[in-house]
Amino acid sequence: MKTIYWFCYRLWQKCFICFFSYRVVGKEKLVTDGPVLIASNHESFLDPPLVGIAYDQEVYYLARKTLFRGFGAWLYPKLNSIPVDQERPDMTSLKTIIKLLKQGNQVVVFPEGARTLDGELQEAQPGTGLIVAKSKAVVQPVRIFGARQALPRGSSKMNFCPITLVVGDPITFTAEELKAKGRDDYQKISDRIMSEIAKLEL
């Protein structure tokens with residue numbers, strides 16, 4: 001691991017274990033070789049590191065473009081973060097993810113696109129299906145429990161409560177499914193991924 005990534009990785013790891021009793025259920029299911037798209041539900045700002053520290057190697061993340069300012073412009077690239085413009089989304093970030101996957105990396109995405117307000121899973125966005133179709137990557141579904149209670153959307157108050165990451169069986173799409181073209185086909189892939197995430201329980 002790069003120095004800054006390793007430092008933050010260890011810091012988050014110790015903090016989550018100490019203050020949130022963080023644990024990973026099903027870690028033996030994690031695919032760590034070759035291109036892997038790690039698909040998670042989205043509950044809190046805490047989600048990216050919660051998923052990242054489940055792995056023993058570096059992974060890549062999406063981060064809001066507005067975070068890449070000042071100190072963030074120096075820090076976030078060192079944490080393998082990919083800037084995404086949520087106000088004016090384009091193909092730039094998707095192309096970057098597809099390239100990273102084709103190079104054999106692991107990338108974290110949140111198919112819902114935004115943090116949940118009520119704790120319920122939201123509909124997936126078709127962009128995740130597009131990434132899978134273009135990259136041919138294995139999809140690793142994971143589900144976070146407790147992050148919304150710890151730091152819900154719209155709140156700046158941290159609550160110290162247990163957080164668990166549940167890992168599901170990897171999803172491999174057929175050659176026919178990967179021929180997907182167009183929004184409807186991409187949506188079907190995204191929907192299947194969210195369906196697998198929804199099946200994960202504590």
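Visitor: What is the relative accessibility of Glu177?

Guide: Buried means under 20% relative accessible area, exposed means over 50%, and partly exposed lies in between (1.4 Å probe, protein chains only). Glu177 counts as partly exposed. Its relative accessibility is 31%.

Visitor: What kind of model is this?

Guide: Residues are numbered from 1 along each chain as its sequence is written, and side-chain values use heavy atoms, with hydrogens and water left out. Local features need pLDDT of at least 70, side-chain atom pairs count only at pLDDT 80 or more, and totals for chains, interfaces and linings use all residues, the model being predicted.

Visitor: Which residue forms a salt bridge with Glu177?

Guide: A salt bridge puts a side-chain nitrogen of Lys or Arg within 4 Å of a carboxyl oxygen of Asp or Glu. Here the closest N and O atoms are 3.4 Å apart.

Visitor: How many residues apart in sequence are the parts tied together by Arg192 and Glu177?

Guide: Helices (H or I, at least four residues) and strands (E, at least two) are DSSP runs, numbered from the N terminus. Arg192 lies in helix H7 (residues 183-199). Glu177 lies in the loop between E7 and H7, so the pair ties together parts whose separation in sequence is 15 residues.

Visitor: Which residue forms a salt bridge with Glu196?

Guide: The closest N and O atoms of this pair are 3.1 Å apart. Both residues sit in helix H7, 3 residues apart, which means about one helical turn between them. Glu196 is partly exposed at 23%.

Visitor: At roughly what angle do the axes of H4 and H5 cross?

Guide: Two packed helices are described by the angle between their axes and the distance between the axes. Axes are lines fitted to C-alpha atoms, for helices over the stretch in contact, and angles run from 0 to 180 degrees between N-to-C directions. The axes of helix H4 (residues 92-102) and helix H5 (residues 126-135) come within 9 Å. They cross at roughly 35°.

Visitor: Is the crossing of H4 and H5 left-handed or right-handed?

Guide: A crossing is left-handed if the near helix is turned anticlockwise from the far one by less than a right angle, and right-handed if clockwise. The crossing of H4 and H5 is right-handed.

Visitor: Which residues of H5 make the contact with H4?

Guide: Contact means heavy atoms within 4.5 Å. H4 brings Leu94, Ile97, Ile98, Leu101 and Lys102. From H5 come Gly127, Leu130, Ile131, Lys134 and Ser135.

Visitor: Which residues is Trp12 in contact with, leaving aside neighbours within four places in sequence?

Guide: Trp12 lies in helix H1. Trp12 is partly exposed, with a relative accessible area of 36%. Its contacts are Leu46, Pro49 and Ile53.

Visitor: What is the phi of Asn80?

Guide: Most residues other than glycine have a negative phi. Asn80 is in the loop between helix H3 (71-78) and strand E4 (81-84), and counts as buried at 5%. Asn80 is not a glycine, yet its phi is positive, about 60°.
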